[in-house]
Amino acid sequence: MTNLIANEAAYNGRLFPKIPDRVNGQDTLLISMEGVARKIDDYTTTKDIRKGNYNKVVRISTAPFSLDVKLKATSKNKPYEFDVMVGVEGRVKDSAAYYTNKAKYDIASSISTALSRIVTPIAKGYELTDDGVDSALYKEMSNRNFVLESLGITYTVHSADAEPDAKAEKFVKQMTDSTLTTRVQEHIAGEAEKLSSRNMESAIMRRVSSGEIDMQTALEQLSASNRKEGYNKLEDMERLIGFVRGLQEKNLITDDEAGQRINEFLRGLPSSLPNSGTPMNINPLQLEEKSASSDETLNELLPD
């Protein structure tokens, strides 16, 4: 609670009252038995004082005072709120009004109520993670001169800061962690899918090299794996070609057998695909490499 009363003492004006001295940085008030306040100024006379029947002298500080006003403001992420701190500098404009109404109106709560009317609609437009709420609040409040008529106080705003409150901060952290966890899981799933596909190719390749299965069985198993993983016909064909080239490079099949297999793949493509027009007398082994990454993986996994 801000109290601007610097001094308060009994006063006895008697028949020939003395005008109280004035002090720099303070307003001097005479208070009547009925609670009426009169400010002493250059025009105050002893006659005025005698008529007023004053019994108390009060001095009110007119020096600037600082106040930090704490507010709650709902964010765009309802019902989560910002903790808003507004730095205020004020001073007494009407000391008589201040003394008369100080018991009824508290300075801090009165300023808080007034500023809430400005802060609330602005904060509602910002997410908890937005950075611009501070500057928006300050821009709106810093260029105004506020007056509390009932308390005779004038004040200005010199700073504004807004942060998610404790509950909102926890929500933001959970939201961020959740987003991060999702991204990590997506990455892991993607890598696992690639690894699974490569492992399948290398496993089939090893079974061919050991004589456990023949070429036709190997191609059927790989194609079934491709379909299970959602590859379309063209993608399936490209992966099969890459597999055949891997076998050829490891000298597990001859160049002729590799060329024959690849020609079979090309003949099986739908007519709507551009590859369907490939002449049958072209050497398929000279086609542009489309599965380099798969070939490199197989080369690394298989012994020379």
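This is a predicted model: local features need pLDDT of at least 70, side-chain atom pairs count only at pLDDT 80 or more; totals for chains, interfaces and linings use all residues.
Residues are numbered from 1 along each chain as its sequence is written, and side-chain values use heavy atoms, without hydrogens and water. Local features need pLDDT of at least 70 and side-chain atom pairs count only at pLDDT 80 or more, while totals for chains, interfaces and linings use all residues.

Helices α6 and α8 pack with their axes 13 Å apart, at an angle of about 40 degrees.

| Helix | Residue range | Residues in contact |
|---|---|---|
| α6 | 215-228 | M215, Q216, L219 |
| α8 | 255-267 | E257, R261, F265 |

The residues of this contact divide into three nonpolar, one polar and two charged.

Helix α4 (residues 133-142) has the buried residues V133, D134, A136, L137 and M141, where buried means under 20% relative accessible area with a 1.4 Å probe, protein chains only. They cover an arc of only 165 degrees around the axis, so they lie on the same side of α4. These buried residues pack against β6, α3 (107-123), β7 (146-148) and β8 (153-164). On the face turned away from the buried side are S135 and K139, both exposed (over 50%).

The peptide bond from K78 to P79 is cis, with omega near 5 degrees. Most peptide bonds are trans.

Methods: Axes are lines fitted to C-alpha atoms, for helices over the stretch in contact, and angles run from 0 to 180 degrees between N-to-C directions. Helices (H or I, at least four residues) and strands (E, at least two) are DSSP runs, numbered from the N terminus. Contact means heavy atoms within 4.5 Å. Ala, Val, Leu, Ile, Met, Phe, Trp, Tyr, Cys and Pro count as nonpolar, Asp, Glu, Lys and Arg as charged, and the others, Gly among them, as polar. The arc is that of the directions from the helix axis to the C-beta atoms.
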